[in-house]
Amino acid sequence: SQQYEYQDQVVNDINTYAKKYGIDILSFDFGAKPGIAPNSTTGGSTQQKSIVQVQLNDGIPYDSFLKFLKSIEENITKMQLTGIALQPNPNNPSLVQGSIIEIEVFLR
């Protein structure tokens, strides 16, 4: 369905960045149906947006995690980070675990 086409694009983009930086993704959660999310007006045009939560595997090197986040922010698909939850690995503080990122995706 065209209604969910943006989800395929988001999943493909995020998986590509994750693979590039050696990060494993456990799940994607798109929550509400596309177009249900609140609208925002920017410069006279109305853009619909949707939120996706991405759960990442444990044991991610912190520097790889930062590069992954930067690649999402610079994505041409118009994605923006809106929330990050993570904690250091107790045995190796240079690794992060329990990582969940929330991304706002602007729809066409």
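Predicted model: local features only at pLDDT ≥ 70, side-chain atom pairs only at ≥ 80, totals over all residues.

Guide: Helix α1 runs over residues 5-20, and its 16 residues reach 23 Å from the first C-alpha to the last, close to the 22 Å expected at 1.5 Å a residue. Within α1, the buried residues are Y6, Q7, V10, D13, I14 and A18; they lie on the same side of the helix, because they cover an arc of only 135 degrees around its axis. The other side of α1 carries D8, T16, K19 and K20, which are exposed, and just after the helix G22 takes a positive phi of about 70 degrees.

Turning to the rings, the structure holds two aromatic pairs. In one of them, the ring centres of Y6 and F30 are 5.9 Å apart and the planes stand at 90 degrees, so this pair is edge-to-face. Because Y6 belongs to helix α1 while F30 sits in the loop between β1 (25-29) and β2 (39-42), the pair ties together parts that are 24 residues apart in sequence. Y6 counts as buried at 14% relative accessibility, and F30 is likewise buried, with a relative accessible area of 12%. F30 also pairs with F28, and here the rings are stacked, with 6.5 Å from centre to centre and 15 degrees between the planes. F28 itself is partly exposed, its relative accessible area being 24%. Taken together, Y6, F28 and F30 form one aromatic cluster.

Key. Residues numbered from 1 in each chain as written. Heavy atoms only, no water. Helix = DSSP H or I, 4+ residues; strand = E, 2+ residues; numbered from the N terminus. Expected span 1.5 Å × (residues − 1). Buried < 20%, exposed > 50% of the residue type's maximum accessible area, 1.4 Å probe, protein only. Arc of directions from axis to C-beta. Phe/Tyr/Trp six-rings, centres within 6.5 Å; stacked < 30°, edge-to-face > 60°.
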